[in-house]
Amino acid sequence: MDPQINHKNQCKPRSGPVFAFSSFMKKLVLLFLLFSLGVSGVVPAQKKLRTIKNESFKPGEVLKFRIHYGFMDAGEAILEVKSDLKSFGGRDCYHVVGTGNTVGAFDWFFKVRDRYESVVDKDAILPWLFIRRVNEGGYIINQNVSFNHYKDSAYSEKKTISIPENTQDLISAFYYARTLDFANAKEGDIFPIMGYL
């Protein structure tokens, strides 16, 4: 059975019905809000997030990839920017879902069922929430990470850590890289992307 995340439980749509959050997600959102506002109750001026010009992707885009081993299909991966923008912390966001799985004979020997989700700020192209569900041959990883880019921190089930400014998750990094301008790039140029994994 595929491990699935109901994306409706992760983000509130801009309009329409309100979906129930799981108990864990309520706690995650509450902790995110507490970290955002500060425990003292005093709200310092928030730093301004960057603005990225994005002409590379838009809601509704679906990318499909096939993985081959010789002449055999071994797997497939799909990256989808969901059609509707979501509101997260008062900011418009893309909801991106990536799935990957083995197919055919490879599925008999080493079954892979991976699902990644990222809530990506539309203007800053930064992640606010990252969800990872990995099942690779019985090796399972379940990870939820919320980002606070105003305070440069990331919170997971294990701990809160400081992160460099403009840190990306695994999915948002791919979409951010697509917005980079390579028009004047020269051989040997380096375009660093800070990542959380």
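**Figure 1. Overview of the predicted chain.** Three helices and 10 strands form the secondary structure of the chain. The chain has 197 residues, of which 40% are buried. Among the contacts with a separation of 6 or more, 50% are between residues 24 or more positions apart.

**Figure 2. The largest pocket and its lining.** The space in the largest pocket comes to about 250 Å³. Its lining is made up of 18 residues, and those closest to the centre of the pocket are Ala77, Thr99, Gly100, Asp114 and Tyr116. At least two lining residues come from each of β3 (72–81), β5 (91–102), β6 (112–121) and α3 (170–179). Strand β3 gives the largest share, with six residues. By type, the lining holds 10 nonpolar, six polar and two charged residues. Rolling a probe the size of a water molecule over the atoms shows where empty space is left.

**Figure 3. Helix α3 and the strands it packs against.** The buried residues of α3 are Ile171, Ser172, Ala173, Tyr175, Tyr176 and Thr179. These buried residues pack against β3, β5, β6 and β7 (127–136). An α-helix has 3.6 residues a turn, so residues three or four places apart point the same way. At the start of α3, the backbone nitrogen of Ile171 has a side-chain oxygen of Asp169 within 2.9 Å. Helix α3 also supplies at least two residues of the lining of the largest pocket.

Figure 4. Is Cys93 buried or exposed? Cys93 counts as buried because its relative accessible area is 0%, under the 20% cut-off. Beyond its neighbours within four places in sequence, Cys93 is in contact with Leu85, Lys86, Phe88, Val119, Val120, Asp121, Lys122 and Trp128. Asp123 lies 30 residues from Cys93 along the chain, and the C-alpha atoms of the two are separated by 8.1 Å.

Figure 5. Asn144 belongs to strand β8, which covers residues 139–148. With a relative accessible area of 5%, Asn144 is buried. Which side chains make polar contacts with the side chain of Asn144? One is that of Arg133, at 3.1 Å. Another is the side chain of Glu157, at 2.8 Å.

**Figure 6. Asp152 in the loop between β8 and β9.** Asp152 is found in the loop that leads from β8 to β9 (153–156). The relative accessible area of Asp152 is 19%. Asp152 is therefore classed as buried, since the cut-off is under 20%. Leaving out residues up to four places away in sequence, Asp152 touches Lys47, Ile161, Ser162, Ile163, Pro164 and Glu165.

Technical notes
Residues numbered from 1 in each chain as written. Predicted model: local features only at pLDDT ≥ 70, side-chain atom pairs only at ≥ 80, totals over all residues. Heavy atoms only, no water. Helix = DSSP H or I, 4+ residues; strand = E, 2+ residues; numbered from the N terminus. Buried < 20%, exposed > 50% of the residue type's maximum accessible area, 1.4 Å probe, protein only. Contact = heavy atoms within 4.5 Å. Polar contact = N/O pair within 3.5 Å; in protein donor to acceptor, adjacent residues only side chain to side chain. 1 Å grid on protein atoms, 1.4 Å probe; cavity = no way out; pocket = protein on both sides within 12 Å on 5 of 7 lines; lining within 4 Å. Points joined across faces, edges and corners; volume = space filled by probe spheres on them. Nonpolar A, V, L, I, M, F, W, Y, C, P; charged D, E, K, R; others polar.
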